Amino acid sequence: MSTHFEQGDWWDRAPLDSEGQRLVRQAKARCHRSAGTDDIVTELSLGFWSSLVARRYDRDLWVPVLHRAFPGYRGPRRVLQDRLYSLRLLRNRIMHHEPIHHRHLEADHAKLYLVLSYISPEIASGIKPFDRVPEVLLVKDQMCRGDLPPSF
């Protein structure tokens with residue numbers, strides 16, 4: 001985005017809607033006056049980032065530049081948008097300490113890896129050795145069936 005808009009603070013030139021502009025203003029307000037663009041990028045919410053693949057940005061952001069952020073993706077923008085939205089909802093539930101046990105967590109986990117592989121297949125495969133989610137889901141399933149070992 002910085003290259004496309006020819007400046008580090010690309011959000012000042014990008015045709016963001018009023019909600020996007022509001023989120024940028026909030027991120028800037030949370031940063032110190034001397035904050036650089038990296039600080040503002042980290043302050044922008046997941047909602048902001050996932051909104052950039054919405055239909056309203058198709059011609060101005062997705063087609064000319066943003067699709068390059070997902071080099072492993074070859075489908076319609078709308079499908080990617082739906083997957084990002086679903087992951088954002090899951091993340092919000094977790095961050096707000098809301099129950100997620102009723103969800104199909106294996107599918108959520110697979111979707112997370114799928115979207116990550118769109119960005120970088122190397123990173124997606126590189127973090128698998130550190131991923132404890134499959135173990136946790138296995139224990140969850142064992143608890144639901146009532147067949148945990150006695151030492152648990």
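**Aromatic cluster, helix packing and local backbone**

Trp 10, Trp 11, Phe 48 and Trp 49 form one aromatic cluster. The model is predicted: local features need pLDDT of at least 70, side-chain atom pairs count only at pLDDT 80 or more, and totals for chains, interfaces and linings use all residues. Residues are numbered from 1 along each chain as its sequence is written, and side-chain values use heavy atoms, with hydrogens and water left out.

**Aromatic rings**

- The whole structure holds six aromatic pairs, where rings of Phe, Tyr and Trp (its six-membered ring) pair if their centres lie within 6.5 Å.
- One of them is Trp 10 with Trp 49, at 6.0 Å centre to centre and 55° between the planes, which is tilted (planes under 30 degrees apart count as stacked, over 60 as edge-to-face and the rest as tilted).
- This pair links distant parts of the chain, 39 residues apart: Trp 10 lies in the loop between helix H1 (2-5) and helix H2 (18-30), and Trp 49 in helix H4 (residues 46-51).
- Helices here are DSSP runs (H or I, at least four residues), numbered from the N terminus.
- Trp 10 is buried at 4% relative accessibility, while Trp 49 is partly exposed at 30% (buried means under 20% relative accessible area, exposed over 50%, partly exposed in between, with a 1.4 Å probe and protein chains only).
- The charged end of Lys 128 sits over the ring of Tyr 113, 4.9 Å from its centre; the criterion is NZ of Lys or CZ of Arg within 6 Å of the ring centre and within 35 degrees of the ring normal.

- Helix H6 (residues 77-95) has 19 residues and reaches 27 Å from its first C-alpha to its last, close to the 27 Å expected at 1.5 Å a residue (the expected span is 1.5 Å times one less than the number of residues).
- Buried residues of H6 are Arg 77, Leu 80, Gln 81, Leu 84, Ser 86, Leu 87, Leu 90 and Asn 92, and they pack against H4, H5 and H7.
- The axes of helix H7 (residues 105-119) and H9 come within 11 Å and cross at roughly 170°; axes are lines fitted to C-alpha atoms over the stretch in contact, and angles run from 0 to 180 degrees between N-to-C directions.
- H7 and H9 are therefore roughly antiparallel (angles over 145 degrees).
- Leu 105, Glu 106 and His 109 in H7 meet Val 133, Pro 134, Leu 137, Lys 140 and Asp 141 in H9, with contact meaning heavy atoms within 4.5 Å.

**Contacts across the sequence**

- Tyr 57 is in the loop between H4 and helix H5 (58-62) and is buried, with a relative accessible area of 2%.
- Not counting residues up to four places away in sequence, Tyr 57 touches Pro 15, Leu 16, Asp 17, Ser 51, Leu 52 and Trp 62.
- Tyr 57 and Asp 17 are 40 residues apart in sequence and 8.8 Å apart in space, C-alpha to C-alpha.
- Asp 38, in helix H3 (residues 37-43), is exposed at 61% relative accessibility.

**Positive phi**

- Most residues other than glycine have a negative phi.
- Glu 6, in the loop between H1 and H2, has a positive phi near 60° and is exposed at 68% relative accessibility.
- His 97 follows H6 with a positive phi near 55°, and its relative accessible area of 73% makes it exposed.

Conventions. Helices (H or I, at least four residues) and strands (E, at least two) are DSSP runs, numbered from the N terminus. Angles under 35 degrees count as roughly parallel, over 145 as roughly antiparallel, 65 to 115 as roughly perpendicular and the rest as oblique.
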